[in-house]
Amino acid sequence: MSPIVVDRVKKEQKIARAALKLFSTKGFRGTNVGRIAEEAGIGKGTLYEYFRSKSDIFLAAAREWIEQFQKRFESRLSEIQDPIQQLHAIARMNVELVDPLDPANARMTVEVIRQGMLEDGVLHGRRYELRDMMLGMQKIVEQILYGGISKKIFKPEIARDASTIAANFLGYLDGIMLHSILSENHFQLKEKVDLFMATLIRELVVDPCKKNGTCE
C-alpha cells in the first residue's frame, strides 16, 4: 500500500471516529457535516474530498463502531478458554450495547437499527456493506461451538447445525436488545438473557448435570 493510500485510509478513519462520537450522542439527524469536520480538525471542503455525503460518513462511522466492538469482543474472548464462558461473554457484551449507563453505545445501536430498517434510512439500501462484518460475529460463535465439540464439552451432533445455532444465538440477542430499547428498559434484560443462556447451554453440553451440578 502506497504512502498516499495509507494517508487517505488514516484520514478516513479519523473522520469516521470523529463522526462516530457525534452520531452516538446526537444521532444522524442531529449531526451536521460541518460539526463532523470541526470534530475531525479539518475544513468542511476537505471532508468532502474523502466522503461524498453525510450518509457515506454514517456508513463509515457504523463500520468503525462494529470494528471497535469486534476488537473488544476478540480481546475479551482471548482471555477465556472455556467455550461455555465464551458464549456467556458474548451475551454479556451484547447486553452492554444497550446499557443505559453507556448511552453512547445504546444510542449508536438505535441509530444503526433505525437507519437500516426504515425505508428512508441511510443504510436501508446499503445493509450489504455491513453484512460481511456482522457475519464475522457469526463465524466467531461457530468456532466457539466447534472448539467446545473438540474439547468434548459440546455434543458432537451440533456440528451439522453450528451455523444455524450461531445465527439463532445472535438473532435472539439482537431481538431481546431491540425489545429492551422499545420498552425503555422496563424489564430486567440481564435476567432474561441469563435464562436464555442457561437453556441454550443445557442443549449444547454433553452432560448438563456435570456442568451445572443441578441433577441428582
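This is a predicted model: local features need pLDDT of at least 70, side-chain atom pairs count only at pLDDT 80 or more; totals for chains, interfaces and linings use all residues.
Colleague: Which residues does Ala 106 touch, not counting residues up to four places away in sequence?
Modeller: Happy to list them. Contact here means heavy atoms within 4.5 Å. With residues up to four places away in sequence left out, Ala 106 touches Leu 97, Val 98 and Asp 99.

Colleague: What separates the C-alpha atoms of Ala 106 and Gly 116?
Modeller: Along the chain, Ala 106 and Gly 116 are 10 residues apart. The separation of their C-alpha atoms is 16 Å.

Colleague: Stepping back, how many helices and strands does the chain have?
Modeller: Reading along the sequence gives the pattern α-α-α-α-α-α-α-α-α-α. The C-alpha trace spans about 70 × 45 × 30 Å along its principal axes. The totals for the chain are 10 helices and 0 strands.

Colleague: What share of contacts between residues at least 6 apart in sequence joins residues at least 24 apart?
Modeller: The chain has 216 residues, and buried residues make up 41% of them. Turning to contacts between residues at least 6 apart in sequence, the share that joins residues at least 24 apart is 65%.

Colleague: How are H7 and H8 oriented towards each other?
Modeller: Helix H7 (residues 128-150) packs with H8 at an angle of about 125°, and their axes are 9 Å apart. That angle makes H7 oblique to H8. The crossing of H7 and H8 also has a hand, and it is right-handed. To come back to your question, the orientation of H7 to H8 is oblique.

Colleague: Which residues make that contact, and how do they divide by class?
Modeller: From H7 come Met 137, Gln 138, Val 141, Glu 142, Leu 145 and Tyr 146. H8 supplies Ala 162, Ser 163, Ile 165, Ala 166, Ala 167, Phe 169 and Leu 170. By class, the H7 contact with H8 has 10 nonpolar, 2 polar and 1 charged residues.

Colleague: And how do H8 and H9 run relative to each other?
Modeller: The axes of helix H8 (residues 162-182) and helix H9 (residues 189-204) come within 11 Å and cross at roughly 165°. Angles over 145 degrees count as roughly antiparallel. That makes H8, relative to H9, roughly antiparallel.

Colleague: Which classes of residue build the contact of H8 with H9?
Modeller: On the H8 side are Ile 165, Phe 169, Tyr 172, Leu 173, Ile 176 and Ser 180. They meet Leu 189, Lys 192, Val 193, Phe 196, Met 197, Leu 200 and Leu 204 in H9. By class, that contact has 11 nonpolar, 1 polar and 1 charged residues.

Colleague: Finally, where in the chain is confidence lowest, and where is it highest?
Modeller: Across the chain the mean pLDDT is 87, with 91% of residues reaching 70 or more. Confidence is lowest in helix H10 (residues 208-212), at a mean of 59. It is highest, at 95, in helix H2 (residues 33-40).

How values were computed
Residues are numbered from 1 along each chain as its sequence is written. Side-chain values use heavy atoms; hydrogens and water are left out. Axes are lines fitted to C-alpha atoms, for helices over the stretch in contact, and angles run from 0 to 180 degrees between N-to-C directions. Helices (H or I, at least four residues) and strands (E, at least two) are DSSP runs, numbered from the N terminus. Angles under 35 degrees count as roughly parallel, over 145 as roughly antiparallel, 65 to 115 as roughly perpendicular and the rest as oblique. Ala, Val, Leu, Ile, Met, Phe, Trp, Tyr, Cys and Pro count as nonpolar, Asp, Glu, Lys and Arg as charged, and the others, Gly among them, as polar. pLDDT is the predictor's confidence in each residue, from 0 to 100. A crossing is left-handed if the near helix is turned anticlockwise from the far one by less than a right angle, and right-handed if clockwise. Buried means under 20% relative accessible area, exposed over 50%, partly exposed in between (1.4 Å probe, protein chains only).
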